[in-house]
Amino acid sequence: MNQGSNRSASYLLLSSLLVVAVPSTGYAQDTTTAPPPVPLGQLVDIGGRRLHLYCTGAGSPTVVAENGSSSFSMQWALVQARVSAFTRICTYDRAGFAWSDRGPEENTVEETMDDLHHLLDAAHVAGPYVLVGHSIGGMYVRAYQRRYPRDVVGLVLVDATPEEDAEYLSNGKSVAGVFLTWDQLAAVYAPYIKNPPPPRPLPTKVDEPDDRLSPALQRDVLWAYRLWLSRIDMPHSWITAESWREEFVALRTLRLAGPHALGDLPLIVIRRGLRTNDVLNQREADLAALSTAGRLIVATQSDHEIQLYEPDLVAGAIHDVVTAASRGAPAPH
């Protein structure tokens with residue numbers, strides 16, 4: 001279940017964004033009976049729908065982790081075990097992912113922000129929060145901080161997707177979504193809506209680095225990923241693409257409006273050290289510059305899923321931000 005932060009237009013079009021149920025062949029568990037949630041996990045009613053939440057540890061601020069575009073709460077397990085030793089940490093699955101119920105506009109920024117806010121309230125997970133976002137989850141946690149700045153006392157961005165990184169093939173050229181209009185993005189999706197690509201084959205085993213998880217969690221990740229793939233529906237996926245575009249435009253506007261858009265908010269950005277390039281590295285550095293307290297860490301042994309390749313590094317960064325937030329000080333350099 002490996003996914004890169006530099007997403008090609010074809011990858012975005014074929015495997016991200018809003019999903020609507022379509023038939024799946026084989027492996028009946030994909031669409032009928034879910035495996036039991038991870039120990040201590042719960043399904044929380046947020047008003048007619050339930051989301052899967054798993055909290056461990058004790059302390060404040062509470063760490064809340066946000067997943068990548070096709071990722072799941074179980075993939076934080078190695079980090080969660082380490083962070084729960086020094087504070088409370090909660091992982092969850094967005095609507096339509098793993099055990100969480102479907103939603104009307106899955107994976108859109110608007111639904112995700114509302115869902116997470118209602119989830120934390122319904123589950124009595126009190127703030128303040130340190131938000132941790134991987135891949136597109138970095139955009140979601142920045143979006144949450146933008147809407148609820150008083151609730152968020154720190155951010156950790158784990159190989160987060162920068163604003164210009166979501167690219168699409170428009171008129172034969174690869175163009176970042178932030179530079180497209182609504183009509184242009186709709187035109188990108190039009191041929192795929194008219195002639196959807198064939199379904200992607202369902203995997204039969206997990207790939208690296210998910211194989212670093214326990215056998216039980218590997219089973220859950222495989223089930224969740226197969227379920228997610230079986231629900232991809234191109235005619236609706238552009239709704240999420242447009243939602244992402246609008247949020248990335250807003251976040252980019254804030255970043256470019258002046259130095260240090262996040263003030264002195266404790267912030268650590270972790271980027272991968274493998275399979276990268278100078279453009280992506282600079283974009284990650286730009287994210288670290290959002291705060292006067294911003295700090296950039298290179299995970300030299302990691303590809304995109306740093307939380308699985310180097311969980312000690314990610315947990316250490318979270319510890320630094322939690323400590324700084326508790327003291328009301330920037331994250332230590």
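This is a predicted model: local features need pLDDT of at least 70, side-chain atom pairs count only at pLDDT 80 or more; totals for chains, interfaces and linings use all residues.
Where does E110 sit? The residue belongs to helix α3, which covers residues 109-122.

Now the whole chain. The protein chain has 333 residues, and 55% of them count as buried. Its secondary structure comprises ten helices and ten strands. The chain exposes about 13,200 Å², with carbon and sulfur atoms supplying 54% of that area. On contacts, take those between residues at least 6 apart in sequence: 79% of them join residues at least 24 apart.

Next, salt bridges. The structure holds 19 of them.

The side chains of R49 and D115 meet in a salt bridge, at 2.7 Å from N to O. R49 lies in the loop between β1 (42-45) and β2 (50-56), and D115 lies in helix α3, so this pair ties together parts that are 66 residues apart in sequence. R49 counts as buried because its relative accessibility is 18%, and the cut-off for buried is under 20%. D115 is buried too, with a relative accessible area of 6%.

Next comes R50 with D101. Their side chains meet in a salt bridge at 3.9 Å, N to O. R50 is in strand β2 and D101 is in the loop between β4 (89-92) and α3, so the pair ties together parts 51 residues apart in sequence. How do these two stand on accessibility? R50 counts as partly exposed, at 38% relative accessibility. D101 is partly exposed as well, with a relative accessible area of 26%.

The last pair is R272 and D303, whose side chains meet in a salt bridge at 3.9 Å, N to O. This pair links distant parts of the chain, 31 residues apart: R272 is in strand β9 (residues 267-272), and D303 is in the loop between β10 (295-299) and α9 (306-309). Both R272 and D303 are buried.

Key. Residues are numbered from 1 along each chain as its sequence is written. Side-chain values use heavy atoms; hydrogens and water are left out. Helices (H or I, at least four residues) and strands (E, at least two) are DSSP runs, numbered from the N terminus. Buried means under 20% relative accessible area, exposed over 50%, partly exposed in between (1.4 Å probe, protein chains only). Contact means heavy atoms within 4.5 Å. Accessible areas come from the Shrake-Rupley method with a 1.4 Å probe; for residues, only the protein chains shown count as cover. A salt bridge is a side-chain nitrogen of Lys or Arg within 4 Å of a carboxyl oxygen of Asp or Glu.
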